[in-house]
Amino acid sequence: MEEVLTKERLMVLLNEAGKSGVDSFTVIEPYTKTQLIEVSRKDGMYKVELSGKSDFGPYPSKEDYWDRDDIPDFYDYKESLISSGLVEFENWLEFKEWVKFLYKSEIDPTLASSSVFMSIDTNLAYFRLFSRRFPLKYEDGTVIKAEYFDFLLSSIVENEIDHKIKDKYDNSNLKMMGMYTKIGDIRFNFRNRGKLSTRKAKFATEELNYLRGKLNAARIKGTSSKTDSEKNDIRIVESLEKFSWDRNIVVSLISTDRNMGNHAENCEIPYFILEMPKSISKENIIDDEILLNLLHDLALTFGAVKIPEFQTTLFGIWGGKRDIDYRDESVKAWINPGSKLIDNIKRDIEVIDSLEGPV
């Protein structure tokens, strides 16, 4: 059985597995058969046990493999843990307080006389900050939605991400991939699909789409360099500075790049640098929303992941994948014909389709 499932519909697979008595499962990447996570149900939540850096590899040497950088590694795995919402940035609590101060500045004219706009640099788009981590909730009951702020989006950020969307797998790539990894026939679903940098950039594009659409971000034009990312960082900040001065507003920049903070400081732009976590807890308790994010992000990053207990492979890329599938964060589920889940999953999907009606 093959079925393209939106991220929300992927819950059908988890529910039916639970009903059939599968209370825990593992997620395995296809290249070296590394176990990425182990999941078990716990009091209506999910306990997720993570792998460590030492669990990844050994990888083929660059001399043997056609493109070593195209095999996702521990750092790509770590990014998926963060983008899903499972792992927090190191200074997340400080960031929340910073946002709270900006929010108070918006509603209290005694704190600031100008409107507050937020903007991001290129690297932050890959972590899905606004589309996944907002609204922010506080112990005093305060809830801050992203919609409470105005947003700016630099065309340089857009261009840097767009220029990453280019490389696809061809037949020679797939042949070499099969020779030097354990990926097997799964790789043939990758034919003419985006390589790692391409699909990560498409993932980041969905954050830009969220900013442009849901958050109605204003666009600042800028001329980007195709070869010098540091020069682009400076140009991004300078364009924000000009916009701020021209319109008498406060522009706040958010990044994960310390150098970007230095550029912002030199231009007197308020900024916050989100720090990558120094250590990650091996065991985590999460809800189903974060688990669905994680399954999608791992499938997209690694191209495909296997869930042996479900007799299922989740593809993040496949022939015929459309832009709407990126927007809906869909995966393609291939379920072994012998799986006891198939009939119930088919029934559930038919029920959902009948309730939703024609698109």
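Biologist: Which residues line the largest cavity?

Modeller: This is a predicted model, with residues numbered from 1 along each chain as its sequence is written, local features requiring pLDDT of at least 70, side-chain atom pairs requiring pLDDT 80 or more, and totals for chains, interfaces and linings using all residues. Side-chain values rest on heavy atoms, without hydrogens or water. A cavity is a set of points, on a 1 Å grid over the protein atoms alone, where a 1.4 Å probe fits but cannot get out, and lining residues have an atom within 4 Å of a point. For the largest cavity, the lining consists of D76, E79, S80, S83, Y126, R199, K200, F203, D297, L300 and T301.

Biologist: How much space lies in the largest cavity?

Modeller: Two cavities of 30 Å³ or more are counted. A volume is the space filled by probe spheres set on the grid points, which are joined across faces, edges and corners. For the largest cavity, this space is about 120 Å³.

Biologist: Which element gives the most to the lining of the largest cavity?

Modeller: Helices (DSSP H or I, at least four residues) and strands (E, at least two) are numbered from the N terminus. At least two lining residues come from each of α2 (74-84), α8 and α11. With four residues, the greatest contributor is α2.

Biologist: How many charged residues does the lining of the largest cavity have?

Modeller: Asp, Glu, Lys and Arg count as charged; Ala, Val, Leu, Ile, Met, Phe, Trp, Tyr, Cys and Pro as nonpolar; and the others, Gly among them, as polar. The lining of the largest cavity has three nonpolar and three polar residues, and its charged residues number five.

Biologist: Which elements give two or more residues to the lining of the second largest cavity?

Modeller: The volume of the second largest cavity is about 40 Å³. Its lining is made up of R128, F203, E206, H296, L300, K321, Y326 and E329. The elements that provide two or more of these residues are α8 and α11.

Biologist: What is the volume of the largest pocket?

Modeller: Unlike a cavity, a pocket is an open set of points, with protein on both sides within 12 Å along at least five of seven lines. The volume of the largest pocket is about 820 Å³.

Biologist: Of the residues that line the largest pocket, which are the closest to its centre?

Modeller: The lining of the largest pocket comprises 28 residues. Four helices, α4 (122-125), α6 (155-162), α8 (196-212) and α9 (229-247), each contribute at least two residues. By class, the lining has four nonpolar, nine polar and 15 charged residues. Closest to the centre are T122, Y126, E160, K164 and S197.

Biologist: Which residues lie nearest the centre of the second largest pocket?

Modeller: The second largest pocket, of about 510 Å³, has a lining of six nonpolar, four polar and ten charged residues. At least two lining residues come from each of α3 (92-107), α5 (129-133), β6 (136-137) and α11 (288-302). Nearest the centre of this pocket are R132, R133, F134, P135 and I290.

Biologist: Let us turn to the sheet. In what order do its five strands stand?

Modeller: Strands of a sheet pair through backbone hydrogen bonds, either parallel or antiparallel. Here two strands count as paired if DSSP finds at least two bridges between them. The five strands form an open sheet with parallel pairing, in the order β9-β8-β5-β10-β11.

Biologist: Which are the edge strands?

Modeller: An edge strand of this sheet pairs on one side only. The two that do so are β9 (218-220) and β11 (271-273).

Biologist: Which residue in β8 is the bridge partner of M118?

Modeller: Strand β5 (116-120) runs parallel to β10 (250-255), with five bridges joining them, and M118 stands opposite S252 in β10. β5 also pairs with β8 in the parallel sense, over three bridges. In β8, the partner of M118 is F151.
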